[in-house]
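Q: I am new to this structure. Could you show me how to read its helices and their contacts?

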Amino acid sequence: YRPEPSAPSPDHIFGTTERQYDVFYGVVWGTRTAFRVGLIITAAALIIGLCVGSMAAYYGGWLDNVLMRIVEIVQAFPFLLAALTLAAVLRGRMGSGLTAGMAALIAFGWPAYARLIRGDILNVKQRDYVLAARAVGIKDISILIKHILPNAIFPTAVLASMRVGDYVLSFAGLSFLGLGAE
């Protein structure tokens, strides 16, 4: 005997499944996991992208060429297919759970941030206040963190806020294929 799913009622506002699990309870816990995964992936990819893009734009020259070629190589692979492949490889090494899928999405999610912040920093680093800070003798890292990044980060922050949902959906796709959350 297998009981039927129940319709919404005052006790179970979304109803229950055929095993009598409360659907509302599952939605609440699933939403919590989705937010956590989306924010962690976005934050990690954003940090990596900011570091790579900032160094490439600020120092320029051969470093810019090398870092941007690495970005182009990573972006040459289709995002979800590359993440799926890496998640499958990492799952064999890390075991099941959230970590392998999140690491795979981070590994292929940072290049968009690196390219965007690079373009903005190339624009901002030519401004007078940056040139004045260099003339006074302020260290490069201090100029980058205190003067350039606060004025160049806004488009990248907007992109990051819009990508949270993309990462949640991508992680849900990996989970559906058995490479994310159970």
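Q: How do H1 and H5 lie to each other: parallel, perpendicular or oblique?
A: Angles under 35 degrees count as roughly parallel, over 145 as roughly antiparallel, 65 to 115 as roughly perpendicular, and the rest as oblique. H1 and H5 are therefore oblique to each other. They pack at an angle of about 40°, with axes 7 Å apart. Axes are lines fitted to C-alpha atoms, for helices over the stretch in contact, and angles run from 0 to 180 degrees between N-to-C directions. Helices are DSSP runs (H or I, at least four residues), numbered from the N terminus.

Q: What should I know about the model and its numbering?
A: This is a predicted model: local features need pLDDT of at least 70, side-chain atom pairs count only at pLDDT 80 or more, and totals for chains, interfaces and linings use all residues. Residues are numbered from 1 along each chain as its sequence is written, and side-chain values use heavy atoms, leaving out hydrogens and water.

Q: Which hand does the crossing of H1 and H5 have, left or right?
A: A crossing is left-handed if the near helix is turned anticlockwise from the far one by less than a right angle, and right-handed if clockwise. The crossing of H1 and H5 is right-handed.

Q: Which residues of H1 and H5 meet?
A: Contact means heavy atoms within 4.5 Å. In H1, the residues include Thr42, Leu46, Leu50 and Tyr58. In H5, Tyr113, Ile117 and Arg118 are among them. By class, the contact of H1 with H5 has twelve nonpolar, four polar and one charged. Ala, Val, Leu, Ile, Met, Phe, Trp, Tyr, Cys and Pro count as nonpolar, Asp, Glu, Lys and Arg as charged, and the others, Gly among them, as polar.

Q: How do H3 and H8 cross?
A: Their axes come within 11 Å and cross at roughly 50°. That makes H3 oblique to H8. The crossing is right-handed. Phe79, Leu80, Ala83, Leu84 and Ala87 in H3 meet Tyr167, Ser170 and Leu174 in H8. This contact of H3 with H8 has seven nonpolar, one polar and no charged residues.

Q: Which residues of H4 are buried?
A: Buried means under 20% relative accessible area, exposed over 50%, partly exposed in between (1.4 Å probe, protein chains only). The buried residues of H4 include Met102, Leu105 and Phe108. Helices H1, H2, H3, H5 and H8 are what the buried residues of H4 pack against.

Note on methods: Helices (H or I, at least four residues) and strands (E, at least two) are DSSP runs, numbered from the N terminus.
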